[in-house]
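Trainee: Please take one part of this model and go through it closely, together with what lies around it. I would like one connected account.

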Amino acid sequence: MDNTIAHQFERLVKIMDDLREKCPWDRKQTIQTLRPMTIEETYELADAITDSDWPNIKEELGDLLLHILFYAKIGTEQNQFTLQEVIEGICNKLIVRHPHIYGDVKVNDEEDVKRNWEKIKIKEGKKSVLGGVPATLPAMVKAARIQEKAKQVGFEWETKEDVWKKVEEEIGELQEAIEEGSQDNVEAEFGDILFSMVNYARFLHIDAEGVLERTNKKFIYRFTRMEQEAKAQGKDLHDMTLAEMDAIWNRVKREAIN
């Protein structure tokens with residue numbers, strides 16, 4: 001390891017030790033109190049990645065690294081594990097799960113790597129190929145992970161055209177449910193459409209969660225610009241017709257394109 005990196009890592013570990021010993025707030029924290037803050041930091045990193053905001057990516061990675069050290073510190077205090085064991089564990093896992101690098105297994109592409117990864121996890125004691133999907137993942141991310149894992153055992157459509165046919169089939173079933181008037185069936189079929197669309201996104205090599213968030217950001221930007229334009233005209237959106245708002249919206253869209 002580069003001496004500078006080693007030095008800075010040791011410095012951060014020492015700072016964590018100092019904070020845990022001397023700061024009233026840091027002393028008070030537990031794994032339960034840290035959990036929501038870790039989730040928040042993870043989403044802040046995700047936002048920075050979505051925006052390709054490299055300065056914030058660097059900053060948020062630092063925040064997450066601090067959280068990792070914090071959990072390791074608490075783990076050591078509770079006689080559960082040490083930071084050294086955490087690092088040793090991930091090193092050993094990576095070596096075992098990359099036999100094409102550290103062993104004599106041959107692979108042709110990344111798909112072979114993923115299939116080997118899932119086979120190794122089953123040998124390690126996982127009862128299901130889907131067992132490694134966290135229950136608390138956001139639904140759209142979870143759908144993509146479920147589909148990706150199912151793919152590793154061959155449970156996958158052949159082409160994107162096949163997947164699109166499934167999307168169209170699900171849309172038809174939603175229309176039937178709407179006509180029947182059963183809210184439960186409408187919700188079930190709508191969920192099937194979303195699941196199928198996530199699958200289609202995978203075949204198009206698109207991160208469904210990521211592109212939806214980019215669309216969210218785009219809508220927020222355009223809507224707030226529309227509010228600003230209306231205010232500049234001495235108007236309030238509540239008092240405007242849809243046609244009037246749409247006219248401003250289209251101008252904002254053209255500005256963004258130009």
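Mentor: H3 gives the most to the lining of the largest pocket, with 8 residues. This is a predicted model, in which local features need pLDDT of at least 70, side-chain atom pairs count only at pLDDT 80 or more, and totals for chains, interfaces and linings use all residues. Numbering runs from 1 along each chain as its sequence is written, and side-chain values use heavy atoms, without hydrogens or water.

The largest pocket has a volume of about 590 Å³. (A pocket is an open set of points on a 1 Å grid where a 1.4 Å probe fits, with protein on both sides within 12 Å along at least five of seven lines; lining residues have an atom within 4 Å of a point.) Its lining has 17 residues, and the closest to the pocket centre are Thr42, Tyr43, Ala46, Val141 and Glu209. Two elements give two or more residues to this lining: helix H3 (31–50) and H11. Helices are DSSP runs of H or I with at least four residues, numbered from the N terminus.

Threonine 38 is part of helix H3. Threonine 38 counts as buried because its relative accessibility is 16%; buried is under 20%, exposed over 50% and partly exposed in between, with a 1.4 Å probe. The side chain of threonine 38 makes a polar contact of 2.7 Å with the side chain of histidine 67. (A polar contact is a pair of N or O atoms within 3.5 Å, one able to donate a hydrogen and the other to accept it.) With residues up to four places away in sequence left out, threonine 38 touches Leu64, His67 and Tyr71, where contact means heavy atoms within 4.5 Å.

In H11, glutamate 213 is a residue to look at. Glutamate 213 is partly exposed, because its relative accessibility is 25%. Leaving aside residues up to four places away in sequence, glutamate 213 touches Asp47 and Thr50. Back along the chain, tyrosine 200 lies 13 residues from glutamate 213, and the C-alpha atoms of the two are separated by 17 Å.

H10 covers residues 183–203, 21 residues in total, and reaches 30 Å from its first C-alpha to its last, close to the 30 Å expected; the expected span is 1.5 Å times one less than the number of residues.

Arginine 202, in helix H10, counts as buried because its relative accessibility is 15%. The side chain of arginine 202 makes a polar contact of 3.2 Å with the side chain of glutamine 147, and another of 3.3 Å with the side chain of glutamate 148. Beyond residues up to four places away in sequence, arginine 202 touches Ala144, Gln147, Glu148, Lys151 and Glu156.

Gln147 and Glu148 are themselves buried in H8, as are Ala143, Lys149 and Ala150. The buried residues of H8 pack against helix H7 (110–123) and H10. The 13 residues of H8 should span 18 Å at 1.5 Å a residue, and the 18 Å between its end C-alpha atoms agrees.

Glutamate 180 is exposed, because its relative accessible area is 58%. From glutamate 180 to threonine 159 there are 21 residues in sequence and 32 Å in space, C-alpha to C-alpha.

Histidine 205 follows H10, in the loop between H10 and H11. Phi of histidine 205 is positive, about 60 degrees, although the residue is not a glycine. Most residues other than glycine have a negative phi. Histidine 205 is exposed, because its relative accessibility is 75%. Asparagine 79, a residue other than glycine, also has a positive phi, near 60 degrees. Asparagine 79 sits in the loop between helix H4 (54–77) and helix H5 (83–96), and counts as exposed because its relative accessibility is 72%.

Conventions: Grid points are joined across faces, edges and corners, and a volume is the space filled by probe spheres set on the points.
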